[in-house]
Amino acid sequence: MVIDLATLSPFLPELAVLAAALLIFLLDVLGVRELEALGAVAVAGLGAALLFVLADLGFTPLLGVRTLSASLVDAPIAAGSLYAFTSLGLVFQVIFLLATLLVALASLSRPSREPGGAVFFGLLLLAALGMMLVALAADLIFLLLALEVTAIASYLLVGYPRRDSRGLEAAMKFYIIGALSAALSFFGASLLYGAYGSTSLLVLGHSLPAGGNGELAIAGYAFLLVGLGFEVTAVPFHMWAVDVYDGAPDDVSAFLAGGTKKVGLFAFFLVFLGPVLLVVAPGTSASGNFHASVQLVLALLAVATMTVGNVLALMQREMKRLLAYSSISQAGYMLLGIAVGTAPAVAGATFQIFAHVFLKAGAFLVVAAVAGLGVGPLVTDWKGLGVRRPWLGAGFTLMLLGLAGIPLTIGFFSKFILFSATVQAEGLFVWLALIGLLNSALSVFYYGRILKVMYMDRAEPGEEPKPTAVAARLALGGIGWGRGCAIGLCVALIVAFGIDPGPILTVFQSAATHFLTLGV
Amino acid sequence: MIGVLSELLLLLVGGTLLTFAAGRVARWVALGTSLLFLFGVAYLLSAFSWPLLNPSTGVPQFAFSESAPWVSLPWLTINYSVGVDGISLPFVLLTAILQIVTVVYTFEETKRPSAWFGLVLLTCLGCYGVFISLDILQFFLFWEAVLIPMFFMIGYWGGLRRRYAALKFFIYTHVASVVMLISLFGVAFYSHATSFDFASLYASAPALAGTTQVFLFLGLFFGFGVKFPIVPFHTWLPDAHVEAPTGGSVLLAGLLLKLGGYGLIRWGLEVLPNGLEHVAPLLYAVAFASIIWGAFLSLSQRDLKRMVAYSSINHMGIVLLAIAVYSQLGVIAAVLLMFAHGIVSALLFMVAGSVHHTFGSRDIVTVNGITPTTPVLATMTMVGALASLGLPALISFPAEFLAFLATWDRLGYWVLVPLLVLVVTAGFYIWMMQRLLFGPPRSVPADAHDLPSYEAIAMGMLVALTVLYGILPGLLTNLIVHAPIYGLP
């Protein structure tokens with residue numbers, strides 16, 4: 001097959017990220033060690049990819065750089081095709097790129113000439129590349145391989161500061177669990193192949209788990225559920241997440257919570273929503289029954305995830321562990337949207353995932369900034385911070401309020417849309433919405449506790465933490481421009497979409513509608 | 001072109017932001033904003049005209065109404081939609097009054113004044129937003145937004161156990177809001193309303209099945225009831241009140257408790273009348289429990305502030321009773337009673353605060369005979385207590401009278417329950433006055449002095465309103481009837 005530019009042009013966003021990654025490794029070989037230079041390449045590559053994807057989504061001011069003709073987006077998927085351009089996939093590419101961009105921006109504020117800078121940025125971009133490929137998948141094997149690209153890059157990211165034993169332990173744990181989950185997923189895929197002789201998501205969707213091969217297929221789906229369940233930290237497959245988020249370098253934690261976890265969620269969309277929903281009308285046939293039971297399993301998974309995450313978060317004393325558990329509970333809300341599976345609910349889940357990037361990645365970036373200011377790992381170490389550093393405190397407050405779903409933040413609207421869509425689905429789902437909302441009320445308790453510590457407890461005079469030597473040299477009082485910009489961007493988007501979510505919601509809604517009708 | 005309600009909202013938003021940023025002159029900015037807002041509300045009152053039923057649809061229309069699309073999806077339409085009628089306008093007026101008296105009363109606040117005045121304005125902004133909102137989402141947005149400034153007011157400026165109280169307040173009311181939100185969703189989706197607008201819910205809700213209405217109403221009742229607060233969900237209130245700073249207590253009792261009552265009338269009684277009728281016996285029981293329990297708890301308190309806080313439970317119980325009897329008179333009485341309680345409880349919380357400043361304690365048993373030392377404060381205390389126990393010619397009397405009349409119409413001799421409890425209410429106020437005002441002076445601090453001028457001005461304004469509306473309750477009742485309650489018995 002002759003590869004010419006015209007065939008490659010739809011992949012320009014992916015190529016931009018790949019080129020940036022390769023350029024960074026090349027620069028490293030040439031002896032360029034300045035973090036700022038390497039980071040600038042990463043930011044430029046990600047930024048370019050983001051512009052291309054936004055243009056492909058039909059974002060009017062950018063139509064000039066469109067790489068993908070409009071007729072290709074949401075086009076019927078050809079049989080045997082490995083990839084497809086769906087508008088929901090493009091939306092997720094935007095989400096992945098934004099998460100990576102935030103982390104890359106924030107990492108610019110790390111000490112220049114820090115060893116391993118090239119490794120960090122290079123791997124970050126490769127992880128982003130894997131994520132972007134997941135968003136294009138139309139084939140189970142393509143999907144799982146793309147997931148592996150991201151996974152392998154992120155194992156290394158967790159452990160790259162080699163002298164940090166906690167990071168190494170986290171990386172090892174992450175690697176073992178990741179390998180297990182990949183093995184389970186591939187086994188599930190092979191069972192599905194055995195049942196239907198294809199790994200195309202479209203074919204799988206049209207082949208109903210009924211008749212002679214039905215049991216094989218159901219076992220395959222079960223293995224996939226467990227394998228992907230590890231990726232999205234669904235309870236009871238969540239144990240690894242907290243240790244990994246806690247042990248990883250702060251910026252990497254932001255990337256894991258804000259970025260790579262969302263990939264697993266999109267894989268859930270593809271495997272359990274796309275194919276399974278092709279056969280609607282539950283209860284009327286074997287396929288309908290299968291769909292109904294998948295819904296029930298996903299719903300139980302969602303409820304367990306949000307409840308366990310929240311309850312365990314209540315008991316945490318360390319800030320990063322608390323945020324990690326809260327991240328698990330948030331995954332529960334997103335799974336809820338997948339369980340409901342109507343277009344509004346999918347749009348709501350997508351919105352929730354989008355919001356979570358800024359809320360949770362932003363929160364971990366603030367944690368990283370605060371660690372540089374000499375504040376310890378415990379929640380109580382943050383006392384008086386809101387009064388001492390009013391801007392940083394206000395930003396973090398907004399993120400916590402957003403995670404709790406308080407109005408005038410993006411988190412309020414995302415939960416509002418998700419839960420109103422759940423209630424709209426009627427029947428059993430009303431109770432799910434109630435459980436979800438009560439969970440969200442429960443979460444207010446631990447977010448409120450952090451606010452209480454930050455604003456109402458005082459540090460004794462003289463015991464105020466001192467910035468570390470490295471941080472003391474940075475701009476913005478020890479935070480640094482890069483990190484400051486990343487946090488500022490999060491806050492700006494949290495507030496802007498918290499006041500007027502209309503434009504992006506319309507995009508999510510139409511993307512979700514197209515996604516659910518792809519194979520019909 | 002935006003309407004006057006939106007202009008006032010923008011005024012409050014701008015004033016709040018400016019106050020936060022104003023530093024040393026924050027109090028003047030806050031005062032200016034409150035004055036402008038009061039003038040604006042006065043204009044609303046003067047220009048208010050009868051909101052008519054739309055003759056073609058039978059849906060009530062609101063005065064000064066505006067509507068603009070906010071979020072529109074195929075399955076969900078959310079509008080920015082505001083308007084007032086005879087029920088919400090008194091609450092808007094109450095917001096304006098309490099905002100300015102709180103700013104004046106705490107004029108000398110020294111602990112981070114710009115943040116304090118900003119939060120006071122933010123609380124009032126949230127309440128104003130709740131009272132003018134005619135869309136579920138917008139209503140809920142403002143409803144929740146009120147929690148945050150109050151959380152910080154209690155938690156940063158409050159008493160010794162302020163952190164516990166702030167968190168408890170936040171959790172209790174947030175859980176309640178969540179249940180309320182689910183029920184409002186239910187009303188919208190089950191009735192297949194075209195949007196989240198009041199008008200569209202009002203038009204489509206009657207089509208709901210009877211049991212659905214009952215369940216939805218119970219959800220709403222729980223959500224609004226915690227804010228009331230009703231027994232047995234009242235335990236956040238004494239903690240929040242006792243630990244809150246005086247200004248916080250004034251807004252909490254004067255405005256935040258009213259959100260529950262207003263919400264129950266607007267979204268419960270008007271949208272789901274059948275639901276209300278079916279669960280009315282439950283509401284009566286809860287109302288009686290709140291009335292009795294609140295009164296006896298007040299009777300057993302030594303702390304002046306705690307006593308006033310518990311008496312709020314008693315008064316809001318009467319409000320619930322007046323709503324539950326489901327008649328035109330009942331609604332008028334409920335609104336009037338809430339307005340009266342807003343004014344009087346604000347006054348009494350200010351009294352408690354001033355007694356505490358001057359004598360270093362609020363303990364009625366140890367602080368005695370304040371009249372010779374602080375005659376002005378003693379006078380204010382007297383007016384507040386007499387108004388609260390329902391003396392004729394003061395504001396609470398016509399309100400309670402109408403409430404009992406409405407109860408009599410509907411429940412007959414059951415009206416004796418709240419009437420007899422009035423004896424207890426009178427008892428604890430008279431006991432309080434006897435000790436606090438007329439007992440032998442004890443433990444007077446050397447530097448005790450009468451009210452500072454700004455505190456006296458704030459209380460004086462409330463006393464004047466107490467007398468004015470006590471003599472001329474028609475000023476309010478003529479307003480309240482202009483609401484979609486004509487269909488009621």
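This report walks through a predicted model with chains A and B, one topic at a time.

Local features are included only at pLDDT of at least 70 and side-chain atom pairs only at pLDDT 80 or more, while totals for chains, interfaces and linings use all residues. Residues are numbered from 1 along each chain as its sequence is written, and chains are lettered from A, with ligands numbered from 1, in the order in which they are written.

**How confident is the prediction?**

Let's start with pLDDT, the predictor's confidence in each residue, from 0 to 100. Chain A averages 86, and 94% of its residues reach 70 or more. Which elements of chain A have the lowest and the highest mean pLDDT? Helix 19 (residues 469–472) of chain A has the lowest, at 70, and helix 4 of chain A has the highest, at 94. Helices here are DSSP runs of H or I with at least four residues, strands are E runs with at least two, and both are numbered from the N terminus.

One stretch needs some care: over residues 278–284 of chain A, pLDDT stays under 50. The model still has 15 contacts beyond four places in sequence for residues 278–284 of chain A. Two residues are in contact if their C-beta atoms, placed from the backbone, lie within 7 Å. Where pLDDT is low, the predicted coordinates should not be read in detail.

**Where the chains touch**

27 residues of chain A are in contact with 27 residues of chain B. On the chain A side, the elements giving two or more residues are helix 17 (410–424), helix 18 (428–456) and helix 22 (502–516). Helix 18 of chain A gives the largest share, with 14 residues. Sorted by class, this side of chain A has 18 nonpolar, seven polar and two charged residues. For the classes, Ala, Val, Leu, Ile, Met, Phe, Trp, Tyr, Cys and Pro count as nonpolar, Asp, Glu, Lys and Arg as charged, and the others, Gly among them, as polar.

**Chain B as a whole**

Chain B has 19 helices and two strands. Its C-alpha trace spans about 70 × 55 × 40 Å along the principal axes. A compact globule of 489 residues would have a radius of gyration near 23 Å, and the 21 Å of chain B agrees with that. This radius is taken over C-alpha atoms, and the globule rule is 2.2 Å times the number of residues to the power 0.38.

Buried residues make up 63% of the 489 residues in chain B. A residue is buried if 20 or more other C-beta atoms (placed from the backbone) lie within 10 Å of its own, exposed if 12 or fewer, and partly exposed in between.

Is V84(B) buried or exposed? V84(B) has 25 C-beta neighbours inside 10 Å, so V84(B) counts as buried. V84(B) lies in strand 2 (residues 76–84) of chain B.

**Two helix pairs**

Two packed helices are described by the angle between their axes and the distance between the axes. The axes are lines fitted to C-alpha atoms, for helices over the stretch in contact, and angles run from 0 to 180 degrees between N-to-C directions.

| Helix pair | Angle | Axis distance |
|---|---|---|
| Helix 9 (residues 210–227) and helix 12 (residues 273–299) of chain B | about 80° | 8 Å apart |
| Helix 13 (residues 319–340) and helix 14 (residues 343–372) of chain A | roughly 170° | within 8 Å |

The angle makes helix 9 of chain B roughly perpendicular to helix 12 of chain B. Helix 13 and helix 14 of chain A are roughly antiparallel to each other. Angles under 35 degrees count as roughly parallel, over 145 as roughly antiparallel, 65 to 115 as roughly perpendicular and the rest as oblique.The contact in chain B includes F217(B) of helix 9 and H278(B) of helix 12, and its residues divide into six nonpolar, five polar and no charged. In the chain A pair, the residues of the contact divide into 13 nonpolar, six polar and two charged.

Most residues other than glycine have a negative phi, and most peptide bonds are trans. The peptide bond from V235(A) to P236(A) is cis, with omega near 5°, and P236(A) is found in the loop between helix 9 (214–231) and helix 10 (239–247) of chain A. In chain B, a cis peptide bond joins F228(B) and P229(B), with omega about -5°.

D74(A) has a positive phi, near 60°, and counts as buried because it has 21 C-beta neighbours inside 10 Å. A393(B) has a positive phi too, near 75°, but A393(B) counts as exposed, with 12 C-beta neighbours inside 10 Å.
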